[in-house]
Structure formats: C-alpha cells, structure tokens
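Student: I would like to learn how to read pockets and ring contacts in a model. Please take them in turn.

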Amino acid sequence: MARLLQDPSKLHPSEWYTANQMQRASTESQKSRSECMTAESWRLVDEIEKTTQKTQSDVNKKLEQRREEIKFWKQELDNKLEQIVHETEILLTFKNRLERALEGCKEPLVVAQKCLLYRQRRVGIDLVHDEVEQQLLKEVEVLQGIIALLGRTLEQTNEQIRRNRSAKYDLDMDLKDKFTALTIDDYCASLTNDTPHIIYADNAVKLEGNFVTPEDWIDFTNINVEKADKQRNNSLALKALIDGILSQIANDMRKQCEIVNNAFRNRVKEVKDAKHKLETLLAMVMDETASQEKNIAALKKAITDKEAPVKVAQTRLEARNRRPNVELCYDTVHSSLMSEVQEITKNIQRLKDALAQAQTELKGLSRRQLSLEEEIKVKENTLYIDEVLCMQMRESVCINNY
C-alpha cells in the first residue's frame with residue numbers, strides 16, 4: 001500500500017547524493033581544468049611576451065646592423081664619388097691643355113706651309129730642293145703627326161670623361177637609393193610599441209618579385225665601386241700619358257723649329273756669300289769692260305793714226321809712178337815705199353783684227369755682266385724670301401709648354 005502511495009517522479013535519496021557528488025566532482029574538475037588553462041594562458045602569455053620581446057630585440061639589432069652596413073657602403077660610395085669627381089675635374093683641365101696644345105700647333109703649321117709656298121717664288125738656279133725645304137717638309141710632317149696624335153688623345157680623354165660621368169651617375173643613383181633606404185630604416189628603428197599611428201599592414205609580409213638577396217645587394221654596390229675605381233685608375237693612367245705626350249710634342253716642335261731656323265740661317269749665309277762672290281765678279285767684269293773699252297778706243301785711234309802714213313806712202317808711190325822714161329826706176333826708195341805700204345797695210349789689218357777680237361770680248365763681258373746682274377737679282381730675291389718673308393715670320397712662332 002505504501003508503494004502504491006509513493007510518487008513515481010521523485011528520486012531516491014541515494015540518487016540525490018550521487019547527483020550532488022557528481023555536480024561537486026564535475027565542478028571541481030571544471031574548476032581544475034579552468035585553473036590549468038588559466039595557468040597555461042599566463043605561461044603562454046609570458047612565453048609569447050618574452051619571445052616577442054626577444055624577436056623584436058633581434059630585429060632591432062639586425063636593423064641596427066643593417067643601418068651600419070648601409071652607412072658603411074654609403075661612406076664607401078661617398079668616398080668613390082668624391083674621388084671620381086676630383087679625377088674628372090682634373091681630367092677636364094687636361095682636356096683644356098690638349099685643346100690649347102692643338103690650337104697652338106696651328107700657327108707653326110701655317111707658318112711652315114707659308115714658308116714652303118713663299119719659297120716656290122725662288123727663280124733660276126735658286127729654286128733648289130735644299131736643306132731648308134727638306135726640314136720645312138719634315139716640320140710640316142711632324143706638326144701634322146702631332147695634331148693627329150693630339151686629336152686622338154683628345155677623343156680618348158672625352159671618352160674617359162664620359163665613362164667617369166657614367167660611373168658617377170651609377171654612384172649617385174646608388175647613393176640616392178641608400179640614402180632613401182637609410183632614411184626608411186632610421187624611421188623603422190625609431191618605431192616602438194608605444195609609437196602612435198602604427199597600423200596593421202596585412203600585405204606587408206608579402207614578398208614582391210623585385211626583392212634581391214643580400215649578396216646581390218652587396219654585389220651591386222661592389223660593381224659600382226669597382227667601376228669607379230677602374231675609371232679612376234684609367235684617368236690616372238691617361239693623365240700620365242697626356243703629361244708625357246704634351247712634354248714630348250713641345251720638345252719635338254722646339255727641336256724641329258730650331259733645326260729649320262738653323263737651316264734658314266745657314267742657307268741665308270750661303271746665299272749671301274754667293275751673292276758677295278757674284279758682286280765681286282761683277283765688279284771685276286765691269287772693271288775689265290772699262291779696260292776693254294779703253295783698249296778698243298786705243299785700237300781705233302791706232303788704226304786712224306795709220307791712215308796718214310799709208311796715205312803719204314801711197315801718194316809718194318803714185319807720184320813716183322809718173323817719173324818719165326828711164327827715171328821710172330825700181331830703186332831702193334820705190335822698194336822701200338812698197339814695203340812701207342805693205343807693212344802699214346798689214347799692221348792696220350792686225351789692228352783691225354785686234355779691234356774685232358776686242359769688240360767680241362766686250363760683247364762677252366757685256367753678256368757676262370748681264371748674267372751676273374741677273375744672278376745677283378736671283379740671290380736678292382732668294383734672300384728677300386728666306387730672310388725677310390720666312391725668317392721674320394718664323395720669329396712670331398712661340399712654342400709653349402701646355
């Protein structure tokens with residue numbers, strides 16, 4: 001009856017105790033797990049904090065190292081840039097020296113060519129391929145060779161300046177990029193966890209395709225530095241070459257100029273000596289001409305003087321030929337008169353022959369005088385060309401050190 005009166009929805013007290021025990025056990029278990037989780041969370045937070053701090057510290061150190069590395073290479077680039085700029089400036093002065101030297105060769109060349117042209121006006125026997133002409137031709141050849149050498153060296157210098165500027169451009173660009181990179185890394189180094197306006201940048205961790213390796217980065221700058229060093233060394237070698245060339249050409253020009261001037265002086269002396277000898281000969285010819293003219297006058301007078309004696313003798317003979325009869329005797333007087341006429345006639349002929357020969361000699365002397373006068377004029381023309389036109393013009397030639 002009691003079982004019939006019991007509520008079937010009610011649990012047994014044992015179940016109640018069991019249920020409470022289970023709740024307590026479950027709660028304690030949950031609490032224990034929660035406490036473990038909390039402890040693990042604190043440990044994890046602490047671990048991650050330490051890891052984050054260590055990582056951030058490592059990044060800061062690497063960032064500082066990177067900044068120092070960039071500064072080092074930036075300083076290297078600055079040094080190379082200063083050197084290449086300095087060498088380029090010096091090379092520009094050497095270029096100016098080459099240009100001045102090239103300009104300075106023009107006047108001596110023009111003078112030498114004018115001398116050759118003037119000397120074409122020599123006439124007669126003086127139009128000779130003498131030592132002066134040989135040395136003038138050599139001087140023209142030397143100057144033309146020097147001008148060609150200077151032209152090639154100037155082209156080489158311009159090319160080296162272009163290469164220096166190309167190296168400078170690469171250094172400038174590299175420096176500009178490193179300055180930008182250093183500025184960015186300086187900004188990054190200044191950032192802290194408390195810096196305001198720091199943001200999330202989800203795409204920042206994505207590597208772009210234009211990233212290079214540190215090795216490539218160093219190689220790139222090394223190439224620029226080595227290129228600058230190479231062009232600087234090339235500039236130093238070229239400067240030494242230019243110095244040598246400018247010194248040598250000045251010596252060559254002076255040497256050949258002096259050789260030509262000596263040849264001119266010697267030639268002028270030779271021509272003056274020849275002219276003096278011709279003038280001496282001319283004076284002798286003119287003296288002999290005057291003497292011969294006196295001789296001719298004397299011969300003519302002698303011939304004239306013999307006209308009276310021959311007339312006397314012939315008149316006597318003609319008169320004696322009129323003697324009458326036996327008086328027309330071939331006596332000693334008549335034979336003497338005949339001999340006298342023959343003798344005087346013969347002597348007159350001898351005088352005429354001598355006169356003809358003297359007149360021939362006088363004509364020869366006249367021709368010799370004209371020939372000597374013409375030759376003296378030839379020498380005077382040569383002296384005017386060599387001593388006045390050429391040598392005075394060459395005095396204006398100034399060969400400087402460039």
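Tutor: Start with the elements: helices (H or I, at least four residues) and strands (E, at least two) are DSSP runs, numbered from the N terminus. The model is predicted, so local features need pLDDT of at least 70 and side-chain atom pairs count only at pLDDT 80 or more, while totals for chains, interfaces and linings use all residues. Residues are numbered from 1 along each chain as its sequence is written, and side-chain values use heavy atoms, with hydrogens and water left out.

Student: How is a pocket found, and what volume does the largest pocket have?

Tutor: Rolling a probe the size of a water molecule over the atoms shows where empty space is left. On a 1 Å grid over the protein atoms alone, a pocket is an open set of points where a 1.4 Å probe fits, with protein on both sides within 12 Å along at least five of seven lines; lining residues have an atom within 4 Å of a point. Points are joined across faces, edges and corners, and a volume is the space filled by probe spheres set on them. The largest pocket here has a volume of about 490 Å³. It is lined by 14 residues, and Arg66, Asn210, Phe211, Val212 and Trp217 are the closest to its centre.

Student: Which elements each supply at least two residues of that lining?

Tutor: They are α4 (131–190) and α5 (214–305). The largest share, five residues, comes from α5.

Student: Which residues lie nearest the centre of the second largest pocket?

Tutor: Gln56, Val59, Asn60, Leu63 and Cys188 do, out of 13 lining residues. Two or more residues come from each of α2 (13–104) and α4, and α2 gives the largest share, seven residues. The volume of this second largest pocket is about 410 Å³.

Student: How many aromatic pairs are there?

Tutor: A pair of aromatic rings is described by the distance of the centres and the angle of the planes. Rings of Phe, Tyr and Trp (its six-membered ring) pair if their centres lie within 6.5 Å; planes over 60 degrees apart count as edge-to-face. The count is two. Trp16 and Tyr17 form an edge-to-face pair, with centres 4.7 Å apart and 80° between the planes. Phe72 and Trp73 are also edge-to-face, at 5.3 Å and 75°.

Student: Where does a charge lie over a ring face?

Tutor: The rule needs NZ of Lys or CZ of Arg within 6 Å of the ring centre and within 35 degrees of the ring normal. Arg66 lies over the face of Trp217, 3.7 Å from the ring centre. Arg97 lies over the face of Phe94, at 4.8 Å.

Notes
Phe/Tyr/Trp six-rings, centres within 6.5 Å; stacked < 30°, edge-to-face > 60°.
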